[in-house]
Amino acid sequence: MTSRITARFSKAAKEDRAAYIPFIMAGFPDEDTFIGLLKTLDNCGADVIEVGIPFSDPLADGPTIQKAGKIALENGSSLEKTLSALNSIQTEIQAPVVLMSYWNPILKMGVDRFGEMMKQSGLSGTIIPDLPPDEATCWMNVAESHGLDTIFMVAPTTTPKRLEMIVNASKGFVYLVSMTGVTGSELVVSNALLKTVLSVKELTSLPVAVGFGVSNPDQAAALSDVADGVIVGSALIKKCLESPDGMAAKKAVSDLSLGIVERLGKSQAAGHA
């Protein structure tokens, strides 16, 4: 059975464009605005929406997303509250939603219960940065039983042997980290990065989406010539942090998203690479 994520990437491919995958933090800048941002991104044409679960030790996140997570935790956000909130609005969001969570909150909830709540909330998959595929059998079995995709990350420094293992374990898409370091670092869309995208695509039939450091339409356009999807996180969070209130945050996120979506057509991107 084709997953909702696979269907969305197929739709984008048929339209000769890369998929747009925005990231927002659950409970940030407050619970109501978070829900409003989800709907805004859906309306702006997001193909898949990544929702981060705030965590006290976010090793893969840079200062911008760390700050958003800290605010969300201070607001009382949690994995369980986020799943309940997403459950209540699942019929209002067209794009498949994936959760980005570290492993500890999932273990605390219980792997089986997490899987059941993910399914009940209409979610489509997970990204768990600190759970490598060779330690993920328990979760992957639960995820598969609920029809959830497990998306793993690869980096430019991933060895060929591990790269093959990771892409073979992934479902939905492969998340290619554009650089060594954390989210929000300045990205240079180099020929080396584009070659890395192509080399990963040679190993898998899954879509390959690039994240970390993508902050503007020009970068998205340059990547979309070879990547199947572009993930934007810190730039959207920064817009929210700079906004005086929730309404302004939704407008700023909408403006950036529409600008990126407009540039993701592969024919438009030709020449940027």
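These legends accompany close-up views of several helices and one loop in a predicted model. Local features need pLDDT of at least 70 and side-chain atom pairs count only at pLDDT 80 or more, while totals for chains, interfaces and linings use all residues. Residues are numbered from 1 along each chain as its sequence is written, and side-chain values use heavy atoms, leaving out hydrogens and water.

**View 1**
Helices (H or I, at least four residues) and strands (E, at least two) are DSSP runs, numbered from the N terminus. Beyond α6 comes Gly122, with a positive phi near 75 degrees.

**View 1**
With α7, the axes are 9 Å apart and the packing angle is about 30 degrees; axes are lines fitted to C-alpha atoms, for helices over the stretch in contact, and angles run from 0 to 180 degrees between N-to-C directions. α6 and α7 are therefore roughly parallel to each other (angles under 35 degrees; over 145 is roughly antiparallel, 65 to 115 roughly perpendicular and the rest oblique). Val111, Asp112, Phe114 and Gly115 of α6 make the contact with Cys138, Trp139 and Val142 of α7, contact meaning heavy atoms within 4.5 Å.

**View 2. Helix α2 (residues 31–43) beside helix α12 (residues 246–262).**
Here the axes come within 10 Å and cross at roughly 25 degrees, so α2 and α12 are roughly parallel to each other. From α2, the contact is made by Thr33, Gly36, Leu37, Thr40 and Leu41. Their partners on α12 are Gly246, Ala249, Lys250, Val253, Ser254 and Ser257.

**View 3. Ser243 in the loop between α11 (234–242) and α12.**
At 16% relative accessibility, Ser243 counts as buried. Not counting residues up to four places away in sequence, Ser243 touches Ala248, Ala249 and Ala252.

Definitions and conventions
Buried means under 20% relative accessible area, exposed over 50%, partly exposed in between (1.4 Å probe, protein chains only).
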